[in-house]
Amino acid sequence: MAEQRTPHDLPDVSGLSVAVLGGTGDQGRGLALRLAMAGHRVVIGSRSRERAQTAADELGEGLPVVGDENAAAARGCDVVVVAVPWDGHRALLESLAGDLAGKLVVDCVNPLGFDSKGPYALDVPEGSAAQQAEALLPDSRVVAAFHHVSAVVLLDPGVEEVDLDVLVLGDDRDATNTVRALAARIPGVRGIYGGRLRNAHQVEALTANIIAVNRRYKAHAGLRITDV
């Protein structure tokens with residue numbers, strides 16, 4: 001009998017554990033919540049284990065989610081999501097390069113600035129946050145994903161299905177397929193391959209446009225890719 005595969009020939013990732021570094025922030029907590037609801041063991045990472053555990057406890061009882069220090073969270077999981085603020089991105093990854101060696105690292109950080117005219121993309125010497133992660137983590141497999149997911153939607157228990165496509169970028173096809181499949185574990189979400197990691201800049205920068213849309217229309221907009 002032919003092997004049964006998920007849509008677009010994605011791997012089974014149901015047994016993977018996920019660390020979310022920066023998981024005490026809204027985006028990190030939202031991703032942690034949805035992945036835990038999908039049955040993944042999730043570890044929220046923070047500089048403070050106590051703060052991380054408090055964030056995990058606030059997500060609700062009965063979910064497979066705990067808190068720990070960033071380094072321990074990274075070492076103890078199969079996939080590591082980086083969801084820290086941009087201004088702490090470089091320092092965190094430099095400090096965890098050894099702990100992240102051999103890991104699949106998913107960078108969802110958006111280098112944005114804000115002024116009286118609204119959000120705008122910042123210049124990154126390496127090209128993008130994801131490329132900075134790649135440069136700082138030579139022994140990790142770096143993938144860019146989850147840039148345009150509304151934290152408000154993720155954290156809203158009344159939203160049963162998240163109406164969104166997640167663009168996934170990277171140079172390792174097995175790694176991007178894994179992250180696409182992980183995204184699809186969230187009901188309503190599809191993980192769509194979006195190109196090589198060198199194209200991450202425009203995906204990160206597009207977040208400024210999404211924020212502008214949401215402010216103008218008082219919405220929590222996301223992206224859908226047609227004809228795929």
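The largest cavity in this predicted model is lined by Phe146, His147, His148, Val149, Leu164, Asp165, Val166, Leu167 and Val203. A cavity here is a set of points, on a 1 Å grid over the protein atoms alone, where a 1.4 Å probe fits but cannot get out, and its lining residues have an atom within 4 Å of a point. Strand E9 (residues 164-169) gives the most to this lining, with 4 residues; strands (E, at least two residues) and helices (H or I, at least four) are DSSP runs, numbered from the N terminus.

This is a predicted model, in which local features need pLDDT of at least 70 and side-chain atom pairs count only at pLDDT 80 or more, while totals for chains, interfaces and linings use all residues. Residues are numbered from 1 along each chain as its sequence is written, and side-chain values use heavy atoms, with hydrogens and water left out.

The second largest cavity is lined by Pro111, Ala121, Leu122, Val124, Ser128, His201, Glu204 and Ala205, and H8 gives the most to that lining, with 3 residues. The table sets out the two volumes, each being the space filled by probe spheres set on the grid points, which are joined across faces, edges and corners.

| Space | Volume |
|---|---|
| Largest cavity | about 40 Å³ |
| Second largest cavity | about 30 Å³ |

The largest pocket, by contrast an open set of points with protein on both sides within 12 Å along at least five of seven lines, has a volume of about 920 Å³. Of the 36 residues that line this pocket, the closest to its centre are Asp26, Gln27, Ala83, Val84 and Pro85. Helix H8 (200-217) is one of the elements that give two or more residues to the pocket lining, and H8 gives the most, with 4 residues.

Val166, named above in the lining of the largest cavity, is also among the residues with the most contacts inside the largest nonpolar core, which has 39 residues. Such a core is a set of buried Ala, Val, Leu, Ile, Met, Phe, Trp, Tyr and Cys residues joined through side-chain atoms within 4.5 Å, where buried means under 20% relative accessible area with a 1.4 Å probe and protein chains only. In soluble globular proteins, nonpolar side chains tend to be buried together.

Strand E6 (residues 112-115) and strand E7 (residues 118-121) pair in the antiparallel sense over 4 bridges, pairing being counted if DSSP finds at least two bridges between the strands. E6 and E7 form a hairpin with 2 residues between them, and in this pairing phenylalanine 114 stands opposite proline 119.

Methods
Buried means under 20% relative accessible area, exposed over 50%, partly exposed in between (1.4 Å probe, protein chains only).
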